[in-house]
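Have the viewer open and follow along.

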Amino acid sequence: MSGDASGNSRAAGVVLAPPERLVRTVSAWAGEPGRRWLAALPATVAGYLDRWGLTAERVFAAGGQISMIVLVRTDDGTPAVLKAGMVTQETAQEHAALAHWGGRSAVRLLRADPEQGVMLLERLHADVSLRSLAEPKAMLEAAGVLQRLWVPPAGGHPFTTVEEYTGALVPLLRARREEPYAQDVRALVDEALADHGRLVATAPEAVLLHGDYHHGNVLAGDRMPWLAIDPKPLVGERAYDLAWLVRDRLDTLVAQPGSRAAARRRLAKLAAAVDVDPERLRGWSRFRAVEAGVWSLSVGDTHDGELLLEFATWLDPAA
């Protein structure tokens with residue numbers, strides 16, 4: 001995939017080509033529609049540089065899995081980020097969540113064209129995430145940021161609920177349960193489905209959630225030490241949002257002695273830190289890990305799939 005900045009003074013010699021990581025991910029996940037989107041991306045980005053009065057500094061190669069990140073400056077010299085992403089069910093309301101938070105513990109939204117998936121954001125320190133901190137400190141900071149994001153949504157909000165989003169995953173999980181790659185984990189899938197049924201039937205609250213919250217999605221900022229990025233917003237209970245943190249840095253967790261006990265201690269500490277029912281957190285952590293693990297198996301990623309499913313078994317206090 002290639003692109004250039006020929007004829008666009010706003011690109012200032014920057015080649016507006018999608019990074020290879022983005023090309024690989026979008027091609028694998030979205031097929032031919034994704035490849036067409038990628039082919040148009042250089043022209044799309046160049047158009048917004050002109051339209052919004054931006055000068056490109058460089059394409060951020062690490063970028064997102066389904067978005068191109070360009071470091072830019074506005075006409076008054078302010079550093080910012082132009083994010084051009086694929087519009088999916090999960091990303092369609094990212095701009096609305098950022099606007100609702102208004103910069104409170106999240107990256108500030110400066111402009112947006114939601115239909116095209118293009119946003120202008122304040123510039124953070126993209127190379128410094130919570131992953132740069134030792135795990136205990138990172139977990140403490142992550143919990144603090146997340147609590148400030150949990151606010152009531154506005155009336156008539158556009159966000160999908162946790163019940164709606166996860167409800168759509170349930171039939172897919174049931175179908176994948178019958179596939180040969182899942183034959184050894186069917187009992188675990190059944191437990192996760194039972195968790196889901198119980199949790200959605202007894203949801204205690206409905207706040208705005210980040211939806212994809214982990215250490216890599218919290219970056220260092222200037223106006224605040226840490227700010228969340230890249231939400232896939234939902235409305236629902238806090239335990240759902242906290243569940244990914246329970247399994248964050250899973251490769252490191254599995255490599256340490258006493259991984260099972262460490263996972264249960266982490267769950268208990270996080271639940272206590274933000275006053276979330278540990279049993280609800282356990283249920284959502286298991287459901288999200290099992291769903292993600294079985295999906296990974298379905299696309300041939302046996303390493304991540306088996307790791308996530310093994311992790312899910314650790315959360316049972318009787319294990």
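## A charged network

Lys 83, Glu 94, Asp 212, Asp 230 and Lys 232 are tied together in a network of salt bridges (a side-chain nitrogen of Lys or Arg within 4 Å of a carboxyl oxygen of Asp or Glu). One link in the model is Asp 230 to Lys 232, at 3.6 Å from N to O. Lys 232 counts as buried at 16% relative accessibility, while Asp 230 is partly exposed at 23% (buried is under 20% relative accessible area, exposed over 50%, partly exposed in between, with a 1.4 Å probe and protein chains only).

Keep in mind that this is a predicted model, where local features need pLDDT of at least 70, side-chain atom pairs count only at pLDDT 80 or more, and totals for chains, interfaces and linings use all residues. Residues are numbered from 1 along each chain as its sequence is written, and side-chain values use heavy atoms, with hydrogens and water left out.

## Other salt bridges

The whole structure has 22 salt bridges. Arg 35 pairs with Glu 32, with the closest N and O atoms 3.3 Å apart; both sit in helix H1 (residues 20–51), about one turn of the helix from each other (helices are DSSP runs of H or I, at least four residues, and strands are runs of E, at least two, numbered from the N terminus). Asp 190 and Arg 177 meet at 2.8 Å, N to O. That pair connects helix H5 (residues 186–201) with helix H4 (residues 162–177).

## A buried arginine without a partner

Arg 288 belongs to helix H9 (residues 278–298). Which side chain of opposite charge is nearest to it? That's Asp 241, 5.0 Å away, and Arg 288 is buried with no salt bridge (Lys and Arg count as positive, Asp and Glu as negative; His and the chain ends are not counted).

Asp 241 is also among the buried residues of H6. Helix H6 (residues 238–246) is mostly covered, with seven of its nine residues buried.

## Strand S3 and its neighbours

Strand S3 (residues 79–85) has six of its seven residues buried, so the rest of the structure largely encloses it. S3 runs antiparallel to strand S2 (residues 67–74), with seven bridges, and antiparallel to strand S5 (residues 118–122), with five (strands pair if DSSP finds at least two bridges between them). Val 81 stands opposite Leu 71 and has Leu 121 as its bridge partner in S5.
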